[in-house]
Amino acid sequence: MKILKTWLKTDQAQAILSVVLAGLIWLFYLTVRWQRRIDPETRALLEAGKPVIICYWHGRMFFVAGAWRKRPKKLGFLNSAHRDGRLIARALERVGYTTVLGSSRRGGAAALREMSRLLSAGMPMAITPDGPKGPRMRAKAGAVKAAQLTGVPMVAFTGSAAPRKLFSTWDRFCLPLPLSRAPVYWGPPIYVPRDADAEMLESCRQAVEESLNRLTNEAERSLGQEETQAAPDAGPDAGPDAGPNGGAKGQADGARDRRARA
């Protein structure tokens, strides 16, 4: 077991796993019966080729495979710089997407600058505002800051599936199974004023969090499933967070949540 764990950390293993993960993304895209519901204003932005900041929960990442009827020519993802984040980034690049690595602990400022540059160049960017450590389904400030810097709106994206595999992980990771029925929902755009003060930024953070949770629950209710509950509210970030890593506070809250379930 120790030998296997050591091998999984090697670049060779990460390359193999990224190929497998990329294959899964294509498998879900081709075999799941996607049912898309898009807010009219968001649809207009997407059809006009306008960039948006796509916010989706960490536990629903595989649903992005079915977000569009036809895969977009350009799409960027903000991933954590730790090993798992780099693995996901390699898989996304194999599919043909652009990735940016960074978090509040490692390369956050540089990641925010690069994300802003890509958005300003017209590329939509996707971010998990509760990842990779949690708290589950609680938005941090990274997407809000990018929206403020660029004037690009945030859009909530989520979904559910039946049948599915729901894991007992901190994020309640939801895996659609091949041939499953999967409703995926796009929320309305949420704009952040460039001159927004702290109160307005917090209001925007709450708005995207509430939109994501409401749509997630709607998707689950449409399939007769039990709603996935968010972790206890940890409030806004204690410090800067350009990427999807929650920082020390988010990790501590996630750890408390895991202990409570144990």
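Is the crossing of H5 and H6 right-handed or left-handed? I looked it up in the model, which is a predicted one, and the crossing of H5 and H6 came out right-handed.

**Entry 1: the H5/H6 pair**

Then I listed who touches whom. From H5 I have Leu-112, Met-115, Ser-116, Leu-119 and Ser-120, and they meet Gly-142, Ala-146, Leu-149 and Thr-150 of H6. Sorted by class, this contact has five nonpolar residues, four polar ones and no charged ones.

How many of the nine residues of H6 are buried? I got seven, so I wrote H6 down as mostly covered, with buried taken as under 20% relative accessible area. The buried set is Gly-142, Ala-143, Val-144, Ala-146, Ala-147, Gln-148 and Thr-150. Those buried residues pack against H5, helix H7 (198–222) and the strands E2 (53–55), E5 (125–127) and E6 (154–159). Just past the end of H6, I found Gly-151 with a positive phi of about 80 degrees.

**Entry 2: cis peptides**

I went looking for cis bonds and noted two proline cases. Gly-134 and Pro-135 are joined by a cis peptide bond with omega about 5 degrees, and Pro-135 is in the loop between E5 and H6. Ala-162 and Pro-163 are also joined by a cis bond, with omega about 0 degrees. Pro-163 belongs to strand E7, residues 162–166.

Arg-172 has a positive phi, near 50 degrees. I placed Arg-172 in the loop between E7 and strand E8 (174–190), and it is partly exposed at 22% relative accessible area. Leu-179 has a positive phi too, near 70 degrees. Leu-179 lies in strand E8 and is exposed, with a relative accessible area of 61%.

**Entry 3: H2 and the whole chain**

H2 (residues 11–31) has 21 residues and spans 30 Å from first C-alpha to last, close to the 30 Å expected. Its buried residues include Ala-13, Gln-14, Leu-21, Ile-25 and Phe-28.

For the chain overall, I counted eight helices and eight strands. Of the 262 residues, 53% are buried. Among contacts between residues at least 6 apart in sequence, 77% join residues at least 24 apart.

Definitions and conventions
Residues numbered from 1 in each chain as written. Predicted model: local features only at pLDDT ≥ 70, side-chain atom pairs only at ≥ 80, totals over all residues. Heavy atoms only, no water. Left-handed = near helix turned anticlockwise from the far one by under 90°. Helix = DSSP H or I, 4+ residues; strand = E, 2+ residues; numbered from the N terminus. Contact = heavy atoms within 4.5 Å. Nonpolar A, V, L, I, M, F, W, Y, C, P; charged D, E, K, R; others polar. Expected span 1.5 Å × (residues − 1). Buried < 20%, exposed > 50% of the residue type's maximum accessible area, 1.4 Å probe, protein only.
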